[in-house]
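Take a look at the two chains below.

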Amino acid sequence: MEIFIAQVINGLSLGSIYVLLVTGFNLLLLVAMIIHFSFPVVVVFSMYMAWIVLGLTGNNIFLGVAAGISSAILFNIITAPMFQHIMKKRGEVDINSTMVLSMGLGMIITDFLSHSINSGFPIAFPDNLTGRAAGPFIQFGLISMSRGAFLALTVGIVFVTGLFWLLYKTKQGRAFRAIAEDPNGAKLVGLPILKTGLQSYALTGFLGGSTAILMAILLGSASPGLGDQLGHKVLAVSIIAGLGNLKGGLIVGLSLGILEALVQGYWTGTWSNAIAFVIMLIAILVKPKGIFGMKL
Amino acid sequence: MGQNKTSDKVILEIDNLAVSYGHVNALKDVSLTVNEGEIVVLIGANGAGKTSIMETVLGVNQVDSGTIKFQGKDITNKPADKIVRSGMFLVPEGRGVFSSMSVTDNLLLGAHHNLKGSKEKMDYVFSSFPILGERKDQVAGTLSGGERQMLAIARALMSSPKMILVDEPSIGLAPKIVNDIFEILVQLNSEGYSILLSEQNVYKALKCAHRGYVMETGKILLSGTSEELLNNSEIRKAYLGA
Ligand SMILES: Nc1ncnc2c1ncn2[C@@H]1O[C@H](COP(=O)(O)OP(=O)(O)OP(=O)(O)O)[C@@H](O)[C@H]1O
Ligand SMILES: [Mg+2]
């Protein structure tokens, strides 16, 4: 029983990361109207930027964290005009061509990381960031939580709550939801579509950058291929939950984290990806439009 | 139905407007004016170009040639959010309310560019449309057609507009509700809002409007006061079945 609880807690931490990634992806889909399945690659890119700055500053945590968060925001804002250019040119939502752009950006980043940083070898984050050397952060018998797991879970809860608050209680959130429901209708009531879209790029950049830091703490390392691997998972979670369904993404993201942790706890870590994808395959065969329905 | 006193001051002036969607020439050389305090109706069959005029005035469509002036200022090809900010609001064809959002949220979207005083404005629209007040926490998707039309009109009021464009409000509504909606428009007009209305319900629309324009395939065929149009024999034949 204690192993079970321990693994569920670990799973929730990992799941929080998935939820943050899926939520960023869904927000871009709903508000900016792009399929940015390389969004997790941008997040891994931000992990690398944090790592570089940590190395340059003698492991200054504040600067490392700032570099990770700001590089995701900057990357999103700098690439936004390209995505928006496609939308303006077509005069309509064209998700397909944004997918090609996202794919291209993802490949460029992954290639850059595997050729130009640390000779393509995995990078490891310093102990003063990950808290590895300090041992478990919380411990009750077999149930223990590393600092990374604890942070991922609490920050995940705070951010997701904050995000839902923003979406449902603020003026910006109202505009986000209106554009998500009916972009054309949103234009007719005079909502600034491109400006609001840009705000969503900045917001998801912030989410992505923060996720990058949490991943650095939780995983302790990163490799060039991590982004693609996460990209596949995030796309799968989002489709299984129902594309654009924020609440669905929350539930499926957490479930995936728990599932993987249980497989690791009771069976073998090396198979957790394959098993997760088998279960997701079954889910998509049973519910092709997603468990909770698309929100597009 | 009563009619508001109008002034000679022009609030909206469209000159030689042409608009196309790809190869489709939706509007050809359209000129019209709306004076302050007027209800002006655009009459025309499906595809005549009524919606195209309204959406172009609002800044949603690209203008090929011609000019649009609102309150004396050139607004041709200005973005829609700027035009809304300057005091114009559209009540779209088919209402255009956001069905997954609450009545309150829908109303606040109308005031998106200026939330100051939105509390008072909300009280004002709830006193004009008590039914919306009763339904304020419900999502708009649960409203009846007539209630949705009221919501779309109330949302326009939330933007504190000078002028309201109302695109075929009677579509899909029972005759009794259509009368209510037209009465609301006349009432709003008497409170000072200038209104450009589009309708296929020609008789009722002309009864509440001051003037009208008759459109066909992207052109203005005829114009005149409501009385002139109601007595025009061609219109009687084509639209009034007499
Ligand atoms: N987005 C578009 N792309 C191509 N053609 C369009 C588009 N919108 C309108 N049209 C065409 O422009 C013409 C005018 O259409 P519009 O919607 O303005 O007519 P309408 O008078 O509002 O008709 P209805 O009474 O049916 O609403 C029609 O021939 C229509 O097919
Ligand atoms: Mg129309």
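Here is a short tour of the contact between the chains and of some strand pairing.

This is a predicted model, where local features need pLDDT of at least 70 and side-chain atom pairs count only at pLDDT 80 or more, while totals for chains, interfaces and linings use all residues. Residues are numbered from 1 along each chain as its sequence is written, chains are lettered from A in the order in which they are written, and side-chain values use heavy atoms, with hydrogens and water left out.

Let's start where the chains meet. 15 residues of chain A touch 20 residues of chain B (contact means heavy atoms within 4.5 Å). Between chain A and chain B there are two salt bridges (a side-chain nitrogen of Lys or Arg within 4 Å of a carboxyl oxygen of Asp or Glu). Arg174(A) and Asp105(B) join their side chains in a salt bridge, at 3.1 Å from N to O.

Two strands pair if DSSP finds at least two bridges between them.

| Strand pair | Sense | Bridges |
|---|---|---|
| E1(B), residues 10–21, and E4(B), residues 65–70 | antiparallel | five bridges |
| E4(B) and E5(B), residues 73–74 | antiparallel | two bridges |

Asp15(B) has Thr67(B) of E4(B) as its bridge partner, and Lys69(B) has Asp74(B) of E5(B). E4(B) and E5(B) make a hairpin with two residues between them, and in that turn Gln71(B) has a positive phi of about 50 degrees.

Technical notes
Helices (H or I, at least four residues) and strands (E, at least two) are DSSP runs, numbered from the N terminus.
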